[in-house]
Amino acid sequence: MEMPSSRWMATVASIWIQCSCGASYTFGIYSSALKSTQSYDQSTLDTVSVFKDIGANAGVLSGLLYSSVTLRNARLRGPWVVHFAGAIQCFLGYFLIWASVVGLIPRPPVPLMCLFMFLAAHSQTFFNTANVVSGLENFPDYGGTIVGIMKGFLGISGAILIQVYDTLCKGKPITYILMLALFPTFISLALMFFVRIYKATTGDDKKHLNGYSSVALVIAGYLMVLIILENVFTLPFWAQISTFILLLFLLASPLGISIKAQKEDTRRLQQTDSIASNLLTESAEQITSPKFSAAEDPIEYHQVQGGVGASSVDKTLVDAEHLNLLQAMRTVNFWLLFVAMICGMGSGLATINNMSQMGESLSYRTVEINNLVSLWSIWNFLGRFGAGYVSDYLLHTRGWARPLLMAITLATMTAGHVVIAFGFPGNLYVGSILVGICYGSQWSLMPTITSEIFGVRHMGTIFNTISIASPVGSYIFSVRVIGYIYDEEASGEDGTCHGTGCFMSSFLIMASVAFFGFLVAVALFFRTKRFYQLVVLRRLRSLNDK
């Protein structure tokens, strides 16, 4: 019999892989070296950067591979194959970029460099898909929490990699590119066989998941303090080494949680075995009672449980479980979710892409701009982690469907864009916090909502397809809105713009777009409200049966 606690070792392995695979968030470290060695102008560098964004978000292939190996070959247990494919792409992409920069290979044409960058960033979707979807399958009752943990650690992985860079090769961005080819590849290859799918569950899942969440919050707080200190002071080498060693200890702490969970589960199994015959008898009595699950017969289930009647159950929503990508794309819910993500993810990504220029236009000091950019990863993490945790709490305790929380975060993002638009002193700090948290929350809520509406079986393919909304929205808002209006307002000889007018119109437009996303999310909430009632009842029942 498989140990249910093996899920805990799979979780800590996934966390460590997530911490190492956020290289796409650190493009700014080596972009100048790439620009100078390849003789790129700013427009060409931006083109390469766009392919980075596309690669990091267009994860349809990773979803298809995950579905294929987990559904058709149970012996392989799927996730490690996806990790292996990601590791190959990560190494090849970054190694070829490094080889181009150092002159090991002839300078590639721009389209080929775009392919290298796409390949390098595309590996992130394979790591992320394997870790998120396997986590959802291992902890189906707390999907929001586990997705929040995985997405949260991915959100702060950029800050972690920057700490590695500052400690091991600060001032050597070309060496950092080689490190990106080796470090994530080694971590994923070393840990990929631990990431597996286990169907067994226990009654204390939430307690230990909360332990991982606590560690994530501590690491995020620690990184926030480090970022502020490093931007204000110049730390001596011994202090950098000491802070880095402490960070490594914090990153190792999830292993202790997993070991503790495994010991508790082993003890619980031993106690359960001693009364197995009584449990079997009790289970047999329960099977003979006219009890149904929501997935088997939702109408009968609700009639027995005293819930909503047959006339109020939308059976088309129940039948929508385990749709494949093409089936999901033929539903209204898919496109509602996609449009909401264009509004939320797209406007949020456009905000961070222009954070430096906004600070310069408002005459912020360099250290203040660096703080804004660096702390974005912390707000992003808080949104990813917090939305998953809070949505699980509201779903289990109050029966609130997750699209409702998505609508709330989009409404808050609207307020954040308005705050930034008016450019008063301190507004950029407040607005970036609001937008950063709400942007991160979309990355946690969207995969979980996808798994609940369309099922887990093809969830990797579907949520990675919806993720394409992020670069699509970013292109529209960054290039067609912000870039166009900024150029129109620019009055400096070097094409620069100063004053609140540089970005006011752009962010008022994005505020309107975010508000439209709020309305779309509200529509999705009302369309899926009855379905979520079934999900809540089924999950609460499964918890009570444990």
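Student: What percentage of the residues of the protein count as buried?

Tutor: Of its 546 residues, 54% count as buried. Buried means under 20% relative accessible area, exposed over 50%, and partly exposed in between, with a 1.4 Å probe and protein chains only. This is a predicted model: local features need pLDDT of at least 70 and side-chain atom pairs pLDDT 80 or more, while totals for chains, interfaces and linings use all residues. Residues are numbered from 1 along each chain as its sequence is written, and side-chain values use heavy atoms, leaving out hydrogens and water.

Student: How many helices and strands are there?

Tutor: The protein has 22 helices and 0 strands. Both are DSSP runs numbered from the N terminus: helices are H or I with at least four residues, strands E with at least two.

Student: At what angle do α6 and α7 cross?

Tutor: Roughly 155°, with the axes coming within 9 Å. Axes are lines fitted to C-alpha atoms, for helices over the stretch in contact, and angles run from 0 to 180 degrees between N-to-C directions. α6 covers residues 110-138 and α7 covers residues 143-168. The two are therefore roughly antiparallel. The cut-offs: under 35 degrees is roughly parallel, over 145 roughly antiparallel, 65 to 115 roughly perpendicular, the rest oblique.

Student: Which residues of α6 and α7 make the contact?

Tutor: From α6, Q124, N128, N131, V132, G135 and L136. From α7, G143, I146, V147, M150, K151 and L154. Contact means heavy atoms within 4.5 Å.

Student: New topic. How do α9 and α17 pack?

Tutor: At an angle of about 170°, with axes 9 Å apart. α9 spans residues 205-232. So α9 and α17 are roughly antiparallel too.

Student: Where is H396 found, and is H396 buried or exposed?

Tutor: H396 is in α17, residues 366-397. H396 is buried, because its relative accessible area is 15%.

Student: What does the side chain of H396 reach?

Tutor: The backbone oxygen of D141, at 2.7 Å.

Student: And where is L362 found?

Tutor: In the loop between α16 (355-361) and α17. L362 counts as partly exposed because its relative accessibility is 23%.

Student: What does L362 touch, not counting residues up to four places away in sequence?

Tutor: G423, L428, G499 and T500. L362 and G499 are 137 residues apart in sequence, yet 5.6 Å apart in space, C-alpha to C-alpha.

Definitions and conventions
Polar contact = N/O pair within 3.5 Å; in protein donor to acceptor, adjacent residues only side chain to side chain.
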